[in-house]
Amino acid sequence: ENTLELVGQSDVKQGRVGDPGEFNRPRVSPDGTQAVVEVRDPDTDDSALWLVDLSTGLSSRFTFDRGDEEGDEWTPDSKTIVFTAEVDSIERIMTRPVEGAGGASILHEGTMNLALSGVSPDGKKVFLARDDRESDWNVYSLELETGELQLLIETEAADFGGVLSPDGRWLAYSSGSSGVWNIYVRPAAGGDRRWQVN
């Protein structure tokens, strides 16, 4: 079992949240009121997303479909969660509002493995890596409104992740192009220039 614990930027522990459980990858909402966590069912080995109220520690299930629902990311307004869902070898990128009666919507689906890495500061697109098999993992952006997928980074090596800087000017990602994993930054507008930062 794991325990959720809030920790400040200076590594000061702020206290445990809720009860221990079988959860992973907590993501705190931008407004700081909730966290979304992956919870794995020990009987089916499926994972679902749960919401945790950070003031009370109370948790509630957020997704209910069979299969694996994981890779969660918040939109900047804390109103929507973007996540991946895998059922019967079909990978989907989904969105679902945190409140209201709206259900989950499919943004993108296919048979290739997907891994979310971030949402743009303006909330208009998400970044992800897709396992394109022949060229390994590549970095893409996906428009939240239209579902348009755009290839951003493709090299002979595996390229993974993709996170925009708060001002939207720079894209950070990881690449195995040198034989080991390194972190690079490149202009978000594109181009061949990049800087290794680790």
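1. R27, at 29% relative accessibility, counts as partly exposed.

2. This is a predicted model, in which local features need pLDDT of at least 70 and side-chain atom pairs count only at pLDDT 80 or more, while totals for chains, interfaces and linings use all residues. Residues are numbered from 1 along each chain as its sequence is written, and side-chain values use heavy atoms, with hydrogens and water left out.

3. A salt bridge here is a side-chain nitrogen of Lys or Arg within 4 Å of a carboxyl oxygen of Asp or Glu. By this rule the structure has nine salt bridges.

4. One of them joins the side chains of R27 and E73, at 3.9 Å from N to O. R27 is in strand β3 (residues 23-28) and E73 in strand β7 (residues 68-74), 46 residues apart; strands (E, at least two residues) are DSSP runs, numbered from the N terminus. E73 counts as buried, at 11% relative accessibility.

5. E70 and R40 also form a salt bridge, with their closest N and O atoms 3.7 Å apart. E70 lies in strand β7 and R40 in strand β4 (residues 34-40), so the pair ties together parts 30 residues apart in sequence. E70 is partly exposed at 27%, and R40 is partly exposed at 29%.

6. In the salt bridge between E143 and K125, the closest N and O atoms are 3.7 Å apart. E143 belongs to strand β13 (residues 137-143) and K125 to strand β12 (residues 125-131), so this pair ties together parts 18 residues apart in sequence.

Methods:
Helix = DSSP H or I, 4+ residues; strand = E, 2+ residues; numbered from the N terminus. Buried < 20%, exposed > 50% of the residue type's maximum accessible area, 1.4 Å probe, protein only.
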